[in-house]
Amino acid sequence: MKFTLKLKHFALTLSLVFIATASAQTNSKFKVVLDAGHGDHDFGATYHGFVEKNINLGIVLKLGKILESDPNVQVIYTRDNDTFVDLVERANIANRANANFFVSVHCNANKNNDAFGSETFVMGLSKSASSLAIAKKENAVITLEDNYKKKYSGYDPNSPESLISATLAQEEYLDQSIELASTIQDGLENKLNRKSRGVAQAPFMVLHKAFMPRVLVETGFISNLDEGTYLNSEEGQQNIAKTIADAVFRMKVEYFGGTMPVIDIKKYEKPIIKDSTPKVNVQTQTKDTSKEIKKTAEVKKIDINKPIFKTQLKASISKIESKPENFNGLDKISFVLEKDYYKYMYGETNDYVVAKMQLLEAKTKGYDSAFIVAFRNGVKISLNEALKK
Ligand SMILES: [Zn+2]
């Protein structure tokens, strides 16, 4: 019984994907759904007099205005005032619109008032307890909804992992979601000069129900007085909005064409304090296996007439010499200069399965938010396009 249900879900997902792709091609506007977290009686986090729902809305409205300055972009808001919209409805608004991207905006909070920095999440299984805790907190709102037990049958808000089983069918959007998330974090760190806590995966209900590249940005900690003050200010919200808009435009230009607008982001004046706690990397395989992967990858010759897959490791404003010691021991590093970013990539293959192994290898070397990118004749194309026969 359970198996049949899962198959049904998979088939439904596939047909939704097809519909989304088909209609995205016939509609010329690039659609971005903006989701200001919380609203009305759901305040989100509150600290030092800062109220999360208001900050989220402030950033989202500013972000929408910037995106709409491009006549080819259509912005759809899940809420544009102080109202309550449930999590599934937020995702459904994006599904009904056949949106190209879904961006949910939130603020983080922690009992430890020293914690600060931004973090962008994509849907998935969490590797860390802290990511799981954030997902749990953001999902908790469903208990405020009417009939939540019926509506979210089988989902336990205290155990966000229960969302995972159904998400495998949505994997085709994962790479672009990670790329969007990384682009946002690159901007927040390099252009806005704010501390980045990186890209992470966690089971957020609002992301789980949406079928398109989608991210949830925790723009900063309102529990931190300094960061909360910035998030609560017009200037802070404006510059965070500009930074997220810059990232969305970048992705749009890369995959859907058009021109990149000039967005003047004012750097945060206080120097960022580098995170002293090292990131915990999950070792998923032994060294011997990674050698095997290398061998497999080296055997096949590259056919330049076919799509070429690479693993993007990082983007940086300054140039880094492409030697292994600068890339955690990884060799065969190539880079492209796109606008003001150098993008560093590992590996090169026509075989998507090999590309997946190279991605895994990059992750074991510490590049947690690495993702696969595809090129045809030197021009970046979407993975969906590259995987088409
Ligand atoms: Zn929130």
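Tutor: Happy to; we will begin at the metal and then visit some helices and loops.

Please keep in mind that this is a predicted model. Start with the zinc ion, which is coordinated by H38 through NE2, by H106 through ND1, and by OE atoms of E52 and E138. Along the sequence, the donor residues follow the spacing H-x13-E-x53-H-x31-E. Within that set, E52 and H106 link distant parts of the chain, as they sit 54 residues apart. E52 belongs to helix α2 (residues 52-68), while H106 belongs to strand β5 (residues 101-108). Both E52 and H106 are buried.

From there, move to helix α6, which covers residues 174-191 and contains S177. With a relative accessibility of 2%, S177 counts as buried, because the cut-off for that label is under 20%. A polar atom of the S177 side chain lies 2.7 Å from the backbone oxygen of Y173. If you set aside neighbours within four places in sequence, S177 is in contact with V122 and with M212, P213, R214 and V215.

Next comes the loop between α6 and β7 (196-202), where you will find N193. The phi angle of N193 is near 65 degrees, a positive value in a residue that is not glycine. N193 is buried too, at a relative accessible area of 18%. Another positive phi, about 55 degrees, belongs to K332, again not a glycine. To locate K332, look in the loop between β9 (308-316) and β10 (333-338).

Finally, turn to a pair of helices, α8 (residues 225-232) and α9 (residues 234-256). Their axes come within 4 Å and cross at roughly 80 degrees, so α8 and α9 are roughly perpendicular to each other. On the α8 side, the residues that meet α9 are Y230, L231 and N232. Facing them from α9 are E234, G236, Q237, N239 and I240. By type, the residues of this contact divide into three nonpolar, four polar and one charged.

Technical notes
Residues numbered from 1 in each chain as written. Predicted model: local features only at pLDDT ≥ 70, side-chain atom pairs only at ≥ 80, totals over all residues. Heavy atoms only, no water. Donors = N, O, S within 2.8 Å, 3.2 Å for Na, K, Ca; no water. Helix = DSSP H or I, 4+ residues; strand = E, 2+ residues; numbered from the N terminus. Buried < 20%, exposed > 50% of the residue type's maximum accessible area, 1.4 Å probe, protein only. Axes fitted to C-alpha atoms, helices over the stretch in contact; angles between N-to-C directions. Parallel < 35°, antiparallel > 145°, perpendicular 65-115°, else oblique. Contact = heavy atoms within 4.5 Å. Nonpolar A, V, L, I, M, F, W, Y, C, P; charged D, E, K, R; others polar. Polar contact = N/O pair within 3.5 Å; in protein donor to acceptor, adjacent residues only side chain to side chain.
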